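Look at the sequence and the 3D view first, then read the points below.

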Amino acid sequence: MHRVAMGRRIASAVATASLVGALGVAGAAPALAAAPAPLSFTIDYTKNTSIPQSPSLGGGFAGNGPVLDASGQVIGRTFDTCAVDGIEGPTKMDADCGAYIIFNDGDELNLSTQAVIDANPMDYPYRFKAVVEGGTGVYNGAQGEATVTAERPGVYKVDVKFS
């Protein structure tokens, strides 16, 4: 009887160890992909856009245009939508915006922000932050932040740092 109980304890211990080992392997966190390299580009909504001239509280606007590298070459297109959720003055509004950049290679980068948008050319340049919300291809699962510099109405330089 003592041998049977001892055998059962050994079998139980081996089974438990095997289960713990299997769960440890199955439950291990997948290796994280390296963050993409920092990225800079310019968005030019003045080339093709639908921004209204007089945005109003509760209204929205959308835009699209080319994405350019530092040398002015087109490296993609962007599409954005914004909702006006505050008016700061005759030329300034608070907007909740999402921008989708589709690069020529098909990869997409998604950004979002809550920012003050200024239509007065005398107030430029100004900056605001945006959040990286992932994307596709090399940007699948990407996180980080972008510093957006409004150079003039409709033209934004974007510097992205991934984390």
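Where does Pro125 lie? Pro125 sits in the loop between strand 5 (108–118) and strand 6 (126–135). The model is predicted: local features need pLDDT of at least 70, side-chain atom pairs count only at pLDDT 80 or more, and totals for chains, interfaces and linings use all residues. Residues are numbered from 1 along each chain as its sequence is written, and side-chain values use heavy atoms, with hydrogens and water left out.

**The barrel**

- 8 strands close into a barrel in the order 1-2-3-4-5-6-7-8, and the pairing is antiparallel.
- Neighbouring strands of this sheet are turned by 30° against each other on average, direction ignored.
- Such angles are taken between axes, which are lines fitted to C-alpha atoms (for helices over the stretch in contact), and run from 0 to 180 degrees between N-to-C directions.
- Strands (E, at least two residues) are DSSP runs, as are helices (H or I, at least four), and both are numbered from the N terminus.
- Two strands pair if DSSP finds at least two bridges between them.

**Strand pairs**

- Strand 3 (residues 74–87) and strand 4 (residues 92–103) pair in the antiparallel sense over 11 bridges.
- Val84 has Ala95 in strand 4 as its bridge partner.
- Strand 5 and strand 6 are an antiparallel pair with 3 bridges, and Ser112 stands opposite Val131 in strand 6.
- Strand 6 also pairs with strand 7 (residues 144–152), in the antiparallel sense over 7 bridges; here the bridge partner of Val131 is Glu145.

- Tyr124 and Pro125 are joined by a cis peptide bond, with omega about -5°.

**A nonpolar surface patch**

- Phe79, Tyr100 and Ile102 make a nonpolar surface patch of about 250 Å².
- Patches are made of residues with over 30% relative accessible area and no salt bridge; like charges are joined within 9 Å, and nonpolar side chains (Val, Leu, Ile, Met, Phe, Trp, Tyr) within 5 Å.
- A salt bridge is a side-chain nitrogen of Lys or Arg within 4 Å of a carboxyl oxygen of Asp or Glu.
- Accessible areas come from the Shrake-Rupley method with a 1.4 Å probe, and for residues only the protein chains shown count as cover.
- Phe79, in strand 3, is partly exposed at 36% relative accessible area.
- Ile102, in strand 4, is partly exposed at 35%.
- Partly exposed lies between buried (under 20% relative accessible area) and exposed (over 50%).

**Around Ile102**

- Beyond its neighbours within four places in sequence, Ile102 is in contact (heavy atoms within 4.5 Å) with Gly76, Arg77, Phe79, Asp107 and Glu108.
- The C-alpha atoms of Ile102 and Ile75 are separated by 8.6 Å, and these residues are 27 residues apart along the chain.

Terms used. Buried means under 20% relative accessible area, exposed over 50%, partly exposed in between (1.4 Å probe, protein chains only).
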